Amino acid sequence: MSQLNEKKKTLGGANARSKKSSKIPKLLIAEAYERVKANQGAAGVDKITITDFDKKLKSNLYKLWNRMSSGSYQPMAVRLVEIPKAGGTRNLGIPAVIDRIAQMAAVKVLQPVIDPVFHEDSYAYRPNRSAHQAVETARKRCWRFDWVLDLDVSKFFDTIDHDLLMKAIKRHTSERWVLLYIERWLKVPYEDKEGNRIERSQGVPQGSVIGPILANLYMHYAFDEWMKRNYGHIVFERYADDAICHCRSKDEAERLQAAIVKRLAECKLTLNEGKTKIVYCKDDLRQGAWVNEQFDFLGFTFRARRSKNKRGKYFINFSPAMSTKARKKMSAEIRSWNLQERSDKSLQDLANRFNAKLQGFIGYFSKFYKSEMYPLFQRLNFRLAHWAERKFKKVTRHKTRAIRLLGRMCKQEPNLFAHWRLGVRPAMI
């Protein structure tokens, strides 16, 4: 808190006493800066990083507060970065550091007012809510309901209607400066890597600080509240534009899908026909078959799996585990490390460099059916054995000896690698 008070002092000065059109607390800008700094992030179109911004912190924070308070603040263009994804690219918009601080100040005003209004089964971008909670709830409901309507909104962030969004925001705040600057943030153009400006008339940039809460609010009225009013008996989990609806029958799921298509059209959104599907939650007790008996949600594939109950008896259970898409992505990541080319490094060096990635992956996907990750980590052990072949002459061109050597090293330091701590060790290969 003392640091924040110090930042507040940096915003002072003679001009700070002049009349402002909006009463924005200096401490709000200071707190917003601290949040943005903690999140780090890349530079925007001005190429100014957090480190660069800090060099003239007092001046930069004062200028931002002064301009926002007077109404003269104008955001810069948003740097456009195209992220590869299956079937194309995803547009990621990166605002300048100063604009991220301004947006964070607005988020800090909006979040305490808007978040309590959100549906209990809305999980994205909210305090004390997580993807794991959404997956866990979906898992339990798949045991209760035979059918799932798996929804995916097409190009959601890029097609949000600005007029409808502003109408929703005005229901929750009358703060003039918040409304003024949200309108400006929505209208600023993208700037691509060649410096070309791309004008925008719809959508919210993914990558912006304020984007998540605005997108959540839009889907709250477009979907959550509508479901509550018209289909209160159907439970669902929503994470941003991904939603899972649990139905008692295929007919109910088909009727619901048709109704949702009409509702989203009213909100100027469309479903992604390739990703939206009706799924039968097949298990031991459910008879018959259907064309779709699995679906992906938040990186996990839900399908029939062999499980063991508390008594040690095996049965078929409809449950989530790491998806094939997630496994391929992590496998590609591990290959990109080129471990066999790092014979100049020690095993400790490799662990220090890559453990954070491994631990992040394990921390997320080990929550459900963690054994699905074991084959991937066994292949990682083979790659480490290949590194040992290059590193130590006594095991060169002897894979079995290399694996045994790696096994002895693992026995000496069983907690060195994150996947060894999980129990996937060279001796298991």
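This is a predicted model: local features need pLDDT of at least 70, side-chain atom pairs count only at pLDDT 80 or more; totals for chains, interfaces and linings use all residues.

Start with strand 3 (residues 147–152), which is joined to strand 8 by four bridges, the two running antiparallel. Strands here are DSSP E runs of at least two residues, helices are H or I runs of at least four, and both are numbered from the N terminus.

Residues are numbered from 1 along each chain as its sequence is written, and side-chain values use heavy atoms, with hydrogens and water left out.

Zoom out and you get an open sheet of four strands, ordered 6-7-3-8 with antiparallel pairing (two strands pair if DSSP finds at least two bridges between them). Strand 6 (236–239) and strand 8 (277–280) sit at the edges, each pairing on one side only.

Helix 6 (residues 131–144) packs on this sheet, touching strands 3, 6 and 7; contact means heavy atoms within 4.5 Å. Helix 11 (residues 250–266) packs on the sheet too, touching strands 3, 7 and 8.

Now for the second largest pocket. Helix 10 (211–230), helix 8 (162–170) and helix 11 each supply at least two residues of its lining, and helix 10 gives the most, with five. Among the lining residues are Tyr 218, Glu 225 and Arg 263.

In the largest pocket, helix 12 provides the largest share of the lining, five residues.

Terms used. Axes are lines fitted to C-alpha atoms, for helices over the stretch in contact, and angles run from 0 to 180 degrees between N-to-C directions. On a 1 Å grid over the protein atoms alone, a cavity is a set of points where a 1.4 Å probe fits but cannot get out, and a pocket is an open set with protein on both sides within 12 Å along at least five of seven lines; lining residues have an atom within 4 Å of a point.
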